[in-house]
There are 2 protein chains.
Amino acid sequence: MEELFKALADPTRTTILDELTERNGQTLFELCTLLSARHGIGSTRQAISQHLQVLETAGLIEVRREGRYKLHTINTGPLKLIVERWLQ
Amino acid sequence: MEELFKALADPTRTTILDELTERNGQTLFELCTLLSARHGIGSTRQAISQHLQVLETAGLIEVRREGRYKLHTINTGPLKLIVERWLQ
DNA sequence: TTGATAGGCAAGTAGCGGCTTGCGTATGAT
DNA sequence: ATCATACGCAAGCCGCTACTTGCCTATCAA
C-alpha cells in the first residue's frame, strides 16, 4: 500500500492517470507527446517509461504488448483501498 | 494536491492517520509512544513532529494548542478529492 | 524558584527518486 | 536486406526527504 501512495506522489504520474482516464489503451509514445503538448512535461521517453513502470507495480495501470506497441490501461482498483481505510 | 499525495507516501504518516482515526486529539508524545509500542517505529520526537507538520500543511490533520500540549485531529476532507478525480 | 515535562528551531547527513545519456533489441515498412 | 520506428536496459547525476543531533523555549508542579 505504501507503493500505491508513492506512485501517486508524482504529478507526472497523476497526469498520466488523467490521460488514461480520458482515453484508455494509449502507447508510450502517445503518452509522451500528450504530456508534452497538453501539460508542458518535456521529459524523455525513458523517464515516462519509468513512471509507467512505477504505476504498473503499484497496480494502477495494466500493460499489454501488441506488435511493437505497448498499450496502457488504467486500473482504479487500488484507489478504493484509500476509501476503505479512512473514509466511510 | 501534489502535497496531499506526498504526505500520504510515507508509512509513518499513514500510521499516524490510522492512530488518529482510532482516537482523535492525541498529543505529540502520545503519538510517539504509540508508534513505538504498537508499530515498532523508533523515530525521534523531532522526526514525528516533522511528519505531523507535513500532514498539517497537506490539510490532513488539524492542530490546536492547549496549555503545554499540542493536540492533533484528523481531517479526511482532502482524501475525498481522490475519489472525485478518478473514481465514480 | 527549581526542576521536570512538552514541544520548537536549525544545521548536518545519508539515502532515495526522478531524470538524463548511451547503447541495445525487436517489430514492421520499403 | 535495409532502414525507421517503438521500446528496453543500465549507469550516473542531482535534488529532495527523512532522520538525527544539539540547543532553546514554554508550561506546570513541588
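Predicted model: local features only at pLDDT ≥ 70, side-chain atom pairs only at ≥ 80, totals over all residues.
Figure 1. At least two residues each are supplied by helix H3 (28-39), H4 and strand S2 (69-74) of chain A, and by H4 of chain B. The element that gives the most is H4(B), with five residues.

**Figure 2. Surface near DNA strand C.** H4(A) accounts for the largest share, five residues. Divided by class, the surface near DNA strand C holds six nonpolar, ten polar and four charged residues.

**Figure 3. Contact of chain A with chain B.** In this view, 15 residues of chain A are in contact with 15 residues of chain B. On the side of chain A that touches chain B, two or more residues come from each of helix H1 (2-8), helix H2 (11-22) and helix H5 (79-86) of chain A. H5(A) provides the largest share of that side, five residues. The residues on the side of chain A that touches chain B comprise ten nonpolar, two polar and three charged.

**Figure 4. Crossing of helices H3 and H4 in chain B.** The axes of helix H3 (residues 28-39) and helix H4 (residues 45-57) of chain B come within 10 Å and cross at roughly 110°. Angles of 65 to 115 degrees count as roughly perpendicular, and H3(B) and H4(B) are therefore roughly perpendicular to each other. The crossing of H3(B) and H4(B) is right-handed.

**Figure 5. Residues where H3(B) meets H4(B).** From H3(B), the residues shown are B:Leu28, B:Leu31, B:Cys32 and B:Leu35. They meet B:Arg45, B:Ile48, B:Ser49 and B:Leu52 in H4(B). This contact of H3(B) with H4(B) is made up of six nonpolar residues, one polar and one charged.

Note on methods: Residues numbered from 1 in each chain as written. Chains lettered and ligands numbered in written order. Contact = placed C-beta atoms within 7 Å. Helix = DSSP H or I, 4+ residues; strand = E, 2+ residues; numbered from the N terminus. Nonpolar A, V, L, I, M, F, W, Y, C, P; charged D, E, K, R; others polar. Axes fitted to C-alpha atoms, helices over the stretch in contact; angles between N-to-C directions. Parallel < 35°, antiparallel > 145°, perpendicular 65-115°, else oblique. Left-handed = near helix turned anticlockwise from the far one by under 90°.
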